[in-house]
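Welcome, and please open your viewer. We will go from one selection to the next and look at what is there.

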Amino acid sequence: MTDCKEAKATQLGPLDEEELIPGGTRYFIKGFGSRPAFGLRNIAGGLGRGSVALVLQLFFLTLFAMILVVVLVKVSKVPNYQEQKQVKQKINKEMSQLKIGIGRLCRPCSWDWTFFQSNCYFFSDSRLNWSDSVAACQEMRAQLVVIKSPEEQNFLQLNSKNRGPTWMGLSDLKKEGIWHWLDGSHLWFRFTKYWLPGEPNNDGKEDCAEFRGNGWNDGKCERQKFWICKRPAASCSDM
């Protein structure tokens with residue numbers, strides 16, 4: 001045994017003076033620390049780690065395949081363009097029918113009022129003087145009509161033409177010749193063309209404006225005539 005150690009020491013060359021110390025499956029060279037020797041245990045451990053890595057790879061590949069299958073199934077259930085178009089048309093048709101149904105339940109104006117351009121108009125069947133006409137409209141939470149557009153003027157003139165003289169919310173009671181609407185606004189110049197020829201003439205203290213025939217006329221405020229009230233139309237949420 002001593003001869004073997006001496007032979008190994010001789011083969012080491014420069015390490016002749018170092019002492020070899022046996023240590024189980026490892027050999028320690030005094031002065032150099034330790035170096036691992038690869039035994040069966042290390043080989044078995046390496047194979048074990050490789051097996052775990054392989055199992056993990058197979059697991060993630062399987063999971064990815066399952067996710068891919070689920071996505072493909074969902075995509076296959078999405079309708080094509082024609083089917084989407086048919087579904088959209090059906091929805092639009094049902095929405096239109098729903099709006100019609102709601103419209104029957106919700107009216108922007110009361111039954112005895114007429115709707116026009118976001119407003120409601122009440123055309124009276126009775127006659128009152130100008131001041132009482134103003135009060136009657138106020139009791140209905142409205143105002144003796146104030147005209148804001150040519151379209152509105154044409155609508156009102158047409159509806160009052162066959163009824164007879166009808167009061168509107170225009171007068172020069174505050175100052176003769178200066179016509180104001182009930183909301184305090186001045187009579188715009190572009191509306192002066194609606195006066196009948198020769199009007200307003202203030203014949204016998206005529207201070208209140210009325211619809212008459214195809215235009216406007218100034219009349220005596222104490223005379224009883226038909227009248228028109230106006231108020232904003234209500235939305236379904238307000239009713």
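Select Glu-152 and Lys-230: their side chains meet in a salt bridge, 2.8 Å from N to O (a side-chain nitrogen of Lys or Arg within 4 Å of a carboxyl oxygen of Asp or Glu). Because Glu-152 lies in helix H5 and Lys-230 in strand S10 (residues 226–232), the pair ties together parts 78 residues apart in sequence. Helices (H or I, at least four residues) and strands (E, at least two) are DSSP runs, numbered from the N terminus. Glu-152 is buried, with a relative accessible area of 3%, and Lys-230 is buried at 15%; buried means under 20% relative accessible area, exposed over 50%, and partly exposed in between (1.4 Å probe, protein chains only).

A word on the model: it is predicted, with local features needing pLDDT of at least 70 and side-chain atom pairs 80 or more, while totals for chains, interfaces and linings use all residues. Residues are numbered from 1 along each chain as its sequence is written, and side-chain values use heavy atoms, leaving out hydrogens and water.

Next, pick Lys-148 and Asp-183, another salt bridge, with the closest N and O atoms 2.8 Å apart. Lys-148 is partly exposed at 36% relative accessibility, and Asp-183 is partly exposed at 37%.

Now try Glu-210 and Lys-225, whose closest N and O atoms are 3.0 Å apart in their salt bridge.

Finally, show Leu-156, Met-168, Leu-170 and Trp-216, which have the most contacts inside the largest nonpolar core, of 20 residues (buried Ala, Val, Leu, Ile, Met, Phe, Trp, Tyr and Cys residues joined through side-chain atoms within 4.5 Å).
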